[in-house]
Amino acid sequence: MNLLLLGPPGAGKGTQAQRLMARFDIPQLSTGEMLRSAVADGTDLGKEAKAIMEAGKLVPDELMIQLISERIGRGDCAKGFILDGFPRTTLQAEALDVMLNERGLNLDKVISILVDEDALIERIAGRFSCANCGAGYHDTFKLPKTKGKCDECGATKFERRKDDNRETVIARLKTYHEQTLPIVPYYKADGRLVEVDGMAGIDVVCDTILDLF
Ligand code: AMP
């Protein structure tokens, strides 16, 4: 099962990808996560990506295509994968189809999560995650059950993304409109796209997505 989650920053792609990962036992391929770990590790890719990410812009297509192509080729993707954050440009979308085609694969579903963009800044500005296992939380919508302690792993250290601030979020939304939204018609044209209301609660959105299968 090869899935793609589409939507603006803060739409809940990462959250839903985690649920789908547990349900189908296939990995979540988040290019944002891959880049954040490259930045943390100080690799060449990380050094190139850091300022671009902090400005809310996009890392060059060639780098991203190479990154995802290598990732899809790993053994844990044999049963499928969930793409989260890739493709983000028409060029990436076309390159993805080529690389999948070459491997005799295709995308089973492209799930577009629709959200009211006015809600996004609040959603993003409030989010944080466990520094140990990455479980996602939110100041308003999802606090840990025990204050200061991760529900999943019990760790007590949390972190916030550097690009989850108001100024960068506005830039990320602009980038999304200019460069990522144009890929929607690409997937609509051949019937692969399904649209899901992302404004409902996390569980409802998840059930709606699972009902597609
Ligand atoms: P995300 O975690 O998906 O919100 O991604 C965080 C940031 O990483 C984005 O704002 C971009 O700067 C960069 N990024 C992630 N995925 C891509 C991609 N497919 N193409 C270009 N840049 C990306």
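I began at the ligand, where a backbone N or O atom of lysine 57 lies 2.6 Å from an oxygen atom of the ligand. I took a polar contact as a pair of N or O atoms within 3.5 Å; within protein, one must be able to donate a hydrogen and the other to accept it, and residues adjacent in sequence count only if both atoms are side-chain atoms. The protein covers 96% of the 480 Å² of accessible area that the ligand has on its own. Accessible areas are from the Shrake-Rupley method with a 1.4 Å probe, and for residues only the protein chains shown count as cover.

I noted the ground rules next. This is a predicted model, in which local features need pLDDT of at least 70 and side-chain atom pairs count only at pLDDT 80 or more, while totals for chains, interfaces and linings use all residues. Residues are numbered from 1 along each chain as its sequence is written, and side-chain values use heavy atoms, with hydrogens and water left out.

**Ligand shell**

I looked up two side-chain contacts. A polar side-chain atom of threonine 31 lies 2.8 Å from a nitrogen atom of the ligand, and one of arginine 36 lies 3.0 Å from an oxygen atom of the ligand. There are 16 residues around the ligand, and Thr31, Lys57, Gly85, Arg88 and Gln92 come nearest; a residue is near if one of its heavy atoms lies within 4 Å. Helix 2 (residues 31-41) gives the most to this shell, with four residues. Helices (H or I, at least four residues) and strands (E, at least two) are DSSP runs, numbered from the N terminus. By class I found six nonpolar, four polar and six charged residues in the shell. Ala, Val, Leu, Ile, Met, Phe, Trp, Tyr, Cys and Pro count as nonpolar, Asp, Glu, Lys and Arg as charged, and the others, Gly among them, as polar.

**Ring pairs**

I paired rings of Phe, Tyr and Trp (its six-membered ring) if their centres lie within 6.5 Å; planes under 30 degrees apart count as stacked, over 60 as edge-to-face and the rest as tilted. The count by this rule is five aromatic pairs. The rings of phenylalanine 24 and phenylalanine 213 have centres 5.1 Å apart and planes at 70 degrees, so I logged the pair as edge-to-face. Phenylalanine 24 lies in helix 1 (residues 13-24) and phenylalanine 213 in the segment after helix 9 (202-210), so the pair ties together parts 189 residues apart in sequence. Phenylalanine 24 counts as buried at 16% relative accessibility, whereas phenylalanine 213 is partly exposed at 37%. Buried means under 20% relative accessible area, exposed over 50%, partly exposed in between (1.4 Å probe, protein chains only).

**Helix 3**

I listed the buried residues of helix 3 (residues 44-54) as Leu45, Gly46, Ala49, Ile52 and Met53. Seen down the axis, they fall within an arc of 135 degrees, so they line one face of the helix; the arc is that of the directions from the helix axis to the C-beta atoms. On the other side of helix 3, Asp44, Lys47 and Ala51 are exposed.

**Loops**

I found a cis peptide bond from phenylalanine 86 to proline 87, with omega near 0 degrees. Proline 87 is in the loop between strand 3 and helix 5 (90-102). Aspartate 25 has a positive phi of about 55 degrees although it is not a glycine. I placed aspartate 25 in the loop between helix 1 and strand 2 (28-30).
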